[in-house]
Amino acid sequence: MKFYFAMSIKRLLRAPTSIIFDIVFPVLILLFAVASVAGSSRGSTAMINYFISTTLAKGMIPMACISFPIYVARQIENGSITRLNYFGVKTRWLMLADLLAQIICACIGVAIAMIIGWLCFKLKCPGAGYFFAYILQLFYALVTLMVWGQVVGVLIRNTKGMVLIGIIETFFLLFCASGSAIFEIFPKGVQTMAKCFPISWVSWKMPSIWLGHSYWVPDFLWISAIWLGAGIFILWFMSLAGNPFIRAVQKQKIQNSMERKNRTASKAGAAK
């Protein structure tokens, strides 16, 4: 597994879109958000503490909807998976390593954004219990997003198509991550639709954790569990048969088998 993870990290760092969306973009979103409120505060609490969840949610969306799916689709489209399988790389472990590498890079981007907010913009950390609960649930949301990013990338398998679909997904989820505004302005039908996506709960209810009002968001936990379970099941099923990765492996095995048979036949003919 260490070999697969190291290989995934090296390939990920060679992709400029991954660096931009995983590390740079969350920081840019934070800077734009801070600039929009011009350092205002509510009482003794800086406004950044109220919208940090919305900012981080909007920073995570392009990672899962654009960066990671395009990365996965490009591997399939350019045949790199086929070449890696030719050298004995196992598809399941490669998929898992890619997912872990993306999650780690995304965590680094989120952590940098939070550190900058703490050092420069009066972001105030809650108590240890609230902070741990907040980070745990934020990581839960990030993993759910990344799993579905990989699912979409494997399904689309085309870079140009993935760009278009990724942009549509990004704008839709950015709308869902608009915080409490979506649940105050839009009709009930839109509110119900938004509540079906975990990212909406990150920006809507998780600020109460950061502000020290509650430890958990129960609705977010079970909705995320459904999405995460479904995504993992789809990836597991696709890793068994019928997906581009496995088809590439099977194609290569058939070619290798035919080459061995031809070599054996040639040797037998030469011996005669």
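Trainee: Which handedness describes the crossing where H6 passes H7?

Mentor: In this predicted model, the crossing of H6 past H7 is right-handed. Helix H6 covers residues 128-156 and helix H7 covers residues 159-176.

Trainee: At what angle do H6 and H7 pack, and how far apart are their axes?

Mentor: The angle is about 150 degrees, and the axes lie 10 Å apart. Angles over 145 degrees count as roughly antiparallel. H6 is therefore roughly antiparallel to H7.

Trainee: Which residues in H6 and H7 meet?

Mentor: From H6 come Leu145, Val152, Gly153 and Ile156; from H7 come Gly161, Met162, Ile165, Glu169 and Leu173. By class, the contact of H6 with H7 holds six nonpolar residues, two polar and one charged.

Trainee: Why do residues three or four places apart in an α-helix point the same way?

Mentor: An α-helix has 3.6 residues a turn, so residues at that spacing point the same way.

Trainee: What lies in the loop between H6 and H7?

Mentor: Asn158 has its place in that loop. Asn158 has a value of 31%, so it is partly exposed. Leaving aside residues up to four places away in sequence, Asn158 touches Ala73 and Glu77. Asn158 also stands 9.2 Å from Val72, C-alpha to C-alpha, although the two are 86 residues apart in sequence.

Trainee: How do helix H3 and helix H5 cross?

Mentor: Helix H3 (residues 48-77) and helix H5 (residues 91-120) have axes that come within 10 Å and cross at roughly 150 degrees. H3 and H5 are therefore roughly antiparallel to each other. Their crossing is right-handed. On the H3 side, the contact includes Leu56, Met60, Met63 and Phe68, and on the H5 side it includes Leu99, Ala106, Val110 and Met114. The residues of this contact of H3 with H5 divide into twelve nonpolar, four polar and one charged.

Trainee: Why does the distance between the end C-alpha atoms of H5 agree with its 30 residues?

Mentor: At 1.5 Å a residue, H5 should span 44 Å, and its end C-alpha atoms are 43 Å apart, so the two values agree. Just after H5, Lys122 takes a positive phi of about 65 degrees.

Trainee: How many helices and strands does the protein chain have, and what share of its residues count as buried?

Mentor: The protein chain has 13 helices and two strands. Of its 272 residues, 46% count as buried. Among contacts between residues at least 6 apart in sequence, 80% join residues at least 24 apart.

Definitions and conventions. Residues are numbered from 1 along each chain as its sequence is written. This is a predicted model: local features need pLDDT of at least 70, side-chain atom pairs count only at pLDDT 80 or more; totals for chains, interfaces and linings use all residues. Side-chain values use heavy atoms; hydrogens and water are left out. Axes are lines fitted to C-alpha atoms, for helices over the stretch in contact, and angles run from 0 to 180 degrees between N-to-C directions. Helices (H or I, at least four residues) and strands (E, at least two) are DSSP runs, numbered from the N terminus. Angles under 35 degrees count as roughly parallel, over 145 as roughly antiparallel, 65 to 115 as roughly perpendicular and the rest as oblique. A crossing is left-handed if the near helix is turned anticlockwise from the far one by less than a right angle, and right-handed if clockwise. Contact means heavy atoms within 4.5 Å. Ala, Val, Leu, Ile, Met, Phe, Trp, Tyr, Cys and Pro count as nonpolar, Asp, Glu, Lys and Arg as charged, and the others, Gly among them, as polar. The expected span of a helix is 1.5 Å times one less than its number of residues. Buried means under 20% relative accessible area, exposed over 50%, partly exposed in between (1.4 Å probe, protein chains only).
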